[in-house]
Amino acid sequence: MRNPRDFFKPLAIDAPEPAREIPVLPSRMIHFLDFSNEKMVAKVPDIAPTVDILLGNLEDAVPVDRKEAARAGLLKVGREMELGDTQLWTRVNSLESPWVLDDLTQLVGEIGDKLSVIMIPKVEGAWDIHYVDRLLAQLEARAGLSEPLLIHAILETSQGVANLEEIASASPRIQGMSFGPADLAASRRMKTTRVGGGHPGYRTIEDPESPDAVEAPRASYMQDPWHYSIARMVDACTAVGALPFYGPYGDIKDTVGCETQFRAAFLLGCVGAWSLHPVQIGIAKKVFSPAADEVQFAKKVIEAIPDGRGVHMIDGKMQDDATWKQCRVMVDLAEMLARKDPELAEAYGLAPATA
Ligand code: GLV
Ligand code: MG
């Protein structure tokens, strides 16, 4: 048993107090970069203003012989580059790897005040979070940090899915989760080589017109093989005030497929997705910023029902206390994004940020 009163106590002497609330910031895309590539490091000043979150990837997709260079490149970005209000995150190597201890020690020790969130891959259960939680507290204390680093878990093993709720509630550091369809497919032995998206083999079909007509053409639709896990992730995260994200969409050329996958995640409650290529930045921006007509309608409801009570008809649709809250979700998001993006402020009819 853990004493619940200890949940918000630092796990090391002189470590910062754990965060009571997870900050809600523009987070439409987590843009992945490999900083072992010096050209990528040089592009940071151009890319940073175009994204909400910039992530220095150290794990999968970074070749073994470039692991240290990727870490060194991220340290350089953290030490030398001004990112404005763009958040700097990292994805460290997995907990069983030979690199993760140096990843965490060097990053927290040298740029712990610049990083806000550390993504931990292949989290299987609360024990993984407890390990990182204590280690981060020790490293934060040694580095003299005043703000705690937050943990973002990638949901990408079947055990991780089975233990979702306990992962989400394992530490006050849990900032959110991302959905990792590639590792998850492998872990589950799903028979797909795709990274996210649908699959033509996973579908439903309408009944035959008669028992003799099984070969006749019939309407058939692809289904979403990820729906169950993403929906569970959304519940586990939002139940503890953390933020759910869709992860990678691997078919870079299929911009429409990517948009469709991102939008399904947005509708279910995800706040953003990973962008693996510049073309996906624009897709995430479009999808995870609510549509102007939805925002206008939500504003109309809130203006018409200032106290959010009772039952009303607006444009032929029933509105009550619950729909008012739905509209608040839409308008709160729109207001937050409008403060960052003057074009959205105009599209939503909201005042842009005053400097
Ligand atoms: C992401 O890391 C994935 O495995 O899909
Ligand atoms: Mg993965």
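Which helix is Asp 128 found in? Asp 128 is part of helix α4, residues 126–143. The legends below start from there.

These views show a predicted model, in which local features need pLDDT of at least 70 and side-chain atom pairs count only at pLDDT 80 or more, while totals for chains, interfaces and linings use all residues. Residues are numbered from 1 along each chain as its sequence is written, chains are lettered from A and ligands numbered from 1 in the order in which they are written, and side-chain values use heavy atoms, with hydrogens and water left out.

**View 1. Asp 128 is buried and has no salt bridge.** Buried here means under 20% relative accessible area (exposed is over 50%, partly exposed in between; 1.4 Å probe, protein chains only). A salt bridge would need a side-chain nitrogen of Lys or Arg within 4 Å of a carboxyl oxygen of Asp or Glu. For Asp 128, the nearest side chain of opposite charge is Lys 122, and that is 11 Å away. Lys and Arg count as positive, Asp and Glu as negative, with His and the chain ends not counted. Setting aside neighbours within four places in sequence, Asp 128 is in contact (heavy atoms within 4.5 Å) with Leu 95, Lys 122 and Val 123.

**View 2. Ligand 1 sits among eight listed neighbours, including Arg 91 and Trp 274.** The others around ligand 1 include Gly 180, Ala 182 and Pro 248; a residue is near if one of its heavy atoms lies within 4 Å. Helix α7 (residues 181–188) gives the largest share of this shell, three residues. Helices here are DSSP runs of H or I, at least four residues, and strands are runs of E, at least two, numbered from the N terminus. Oxygen atoms of the ligand lie 2.9 Å from a polar side-chain atom of Glu 156, 3.1 Å from a polar backbone atom of Pro 181 and 2.8 Å from a polar backbone atom of Asp 183. Taken alone, ligand 1 exposes 190 Å², and the protein buries 93% of that (Shrake-Rupley method, 1.4 Å probe; for residues, only the protein chains shown count as cover).

**View 3. His 152 is in strand β5, residues 150–155.** His 152 counts as buried because its relative accessible area is 0%. The side chains of His 152 and Ser 178 are joined by a polar contact of 2.7 Å. That term covers a pair of N or O atoms within 3.5 Å; within protein, one must be able to donate a hydrogen and the other to accept it, and residues adjacent in sequence count only if both atoms are side-chain atoms. Not counting residues up to four places away in sequence, His 152 also touches others, among them Trp 89, Met 119 and Phe 245.

**View 4. Thr 323 belongs to helix α12, residues 321–340.** With 13% relative accessibility, Thr 323 is buried too. A polar atom of the Thr 323 side chain lies 2.8 Å from the backbone nitrogen of Asp 320.
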